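Subject: Structure handover

Hello,

I am passing this structure on to you. Please open it and keep it beside this email as you read.

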Amino acid sequence: MTPPVNELLSMVLAEAAPAAGHASSGGLGDFIVGAFKAGGPFMFVNLFWLAASVAVIGERAVTLLFRYRLNAAAFIEQVHKMVRSGNLDRAVKFCGMAPRSPLARVIRAGLINANRGELEVAKAVEEALAEYTPHVSRRVQWLWSLANIATLVGLVGTIVGLIGTFRALGNVPAEQKQALLSNGISEAMYNTGFGLSIAVLCIVAHLFFSTFAKNMVESVELNALKLENLLSRRGSLEVVPADDDVRAAS
């Protein structure tokens, strides 16, 4: 007589406990190899999405934390000192020392047009903001999509493993059903766990990079506005003495 499913599950769980203890006593590498062997072919599909997620996270980390990062307070302070002293050319060259930074590029665009009037400065800064700030948040939204994909792929692997297991239960002798059910449940759970782990990694990275990118864009916009105001005040100060000279001459 075929044993009920709940009895099979009880026997599987009883055998799983010693196996889990043996796995925990081994190294992490042994556990990963065992997980991929037990997880079936969908584990390699999950591995592909893990590689894609790590690639996006690595690219954003290098770009935002190293290529684009700039000490905004110290940089803007130096630029303002040069502008107040009338060294616009020196300020432009100073911005050119950080060619990859969106902040330096936007400030440089405003300085280049400083002698063309407030309207031209505002247009140049606005154009530079529209051109360079989207690069800051580029590919960050991919992480949210990758998290959803990894979760769904893990669930698909779980369903496929369970379907294959229960389909095979009716075609094997009773003494083999326990081992078959144990392998099927392991395959399903490994796929679910691996997919959810990838999703958690992507969500945490998305939270960090989206906040970091938002703060960077806000810093660029704020300092661009400060530069416009500084150049506007500088132009007003240059015009007033000229008017006084005209009145004195008349």
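Below is what was found, starting with the whole chain and then moving to side-chain pairs.

Please keep in mind that this is a predicted model.

**The chain as a whole**

The protein chain has 9 helices and 0 strands. Read along the sequence, the pattern is α-α-α-α-α-α-α-α-α. The chain has 250 residues, and 34% of them count as buried. It exposes about 14,900 Å². Carbon and sulfur atoms supply 63% of that area. Now take the contacts with a separation of 6 or more: residues 24 or more positions apart account for 79% of them.

**What the record says**

An unreviewed UniProt entry lists residues 47-66, 142-168 and 188-209 under "transmembrane region". Two of these spans can be set against the model. Residues 47-66 are 100% helix and 0% strand, with end C-alpha atoms 28 Å apart. Residues 142-168 are also 100% helix and 0% strand. There, the end C-alpha atoms lie 39 Å apart.

**Salt bridges**

Side chains of opposite charge can pair when their charged atoms come close. How many salt bridges does the structure hold? There are 3.

Start with Lys-81 and Glu-77. Their side chains meet in a salt bridge at 3.7 Å, N to O. Both residues sit in helix α4 (residues 72-84), 4 residues apart, so about one helical turn separates them. Lys-81 is partly exposed, at 44% relative accessible area. Glu-77 is partly exposed too, at 45%.

Elsewhere, salt bridges that share partners join Glu-59, Arg-60 and Arg-139 into one network. Glu-59 meets Arg-60 at 2.8 Å, N to O. Glu-59 also meets Arg-139, at 3.0 Å, N to O.

Which parts of the chain does the pair of Glu-59 and Arg-139 tie together? Glu-59 lies in helix α3 (residues 42-67). Arg-139 lies in the loop between α7 (118-132) and α8 (142-169). The pair therefore ties together parts that are 80 residues apart in sequence.

Is Arg-60 buried or exposed? Arg-60 counts as buried because its relative accessibility is 2%, and the cut-off for buried is under 20%. Glu-59 is partly exposed, with a relative accessible area of 25%. Arg-139 is partly exposed as well, at 26%.

Arg-139 has another contact to look at. Its charged end sits over the ring of Trp-142, 5.9 Å from the ring centre.

**Aromatic pairs**

A pair of aromatic rings is described by the distance of the centres and the angle of the planes. The structure holds 4 aromatic pairs. One of them is formed by Phe-75 and Phe-94, and it is stacked. The centres are 5.3 Å apart, with 15° between the planes. This pair links distant parts of the chain. Phe-75 is in helix α4 and Phe-94 in helix α5 (residues 88-95), 19 residues apart.

How accessible are these two rings' residues? Phe-75 counts as buried, at 4% relative accessibility. Phe-94 counts as partly exposed, at 21%.

Ring pairs also link Phe-208, Phe-209 and Phe-212 into a cluster.

**Where to look**

Best wishes

Notes: Residues numbered from 1 in each chain as written. Predicted model: local features only at pLDDT ≥ 70, side-chain atom pairs only at ≥ 80, totals over all residues. Heavy atoms only, no water. Salt bridge = Lys/Arg side-chain N within 4 Å of Asp/Glu carboxyl O. Buried < 20%, exposed > 50% of the residue type's maximum accessible area, 1.4 Å probe, protein only. Helix = DSSP H or I, 4+ residues; strand = E, 2+ residues; numbered from the N terminus. Phe/Tyr/Trp six-rings, centres within 6.5 Å; stacked < 30°, edge-to-face > 60°. Lys NZ or Arg CZ within 6 Å of the ring centre and 35° of its normal. UniProt positions renumbered as here; feature names shortened; annotations may be inferred. Contact = heavy atoms within 4.5 Å. Areas by Shrake-Rupley, 256 points an atom, 1.4 Å probe, with all protein chains shown as cover.
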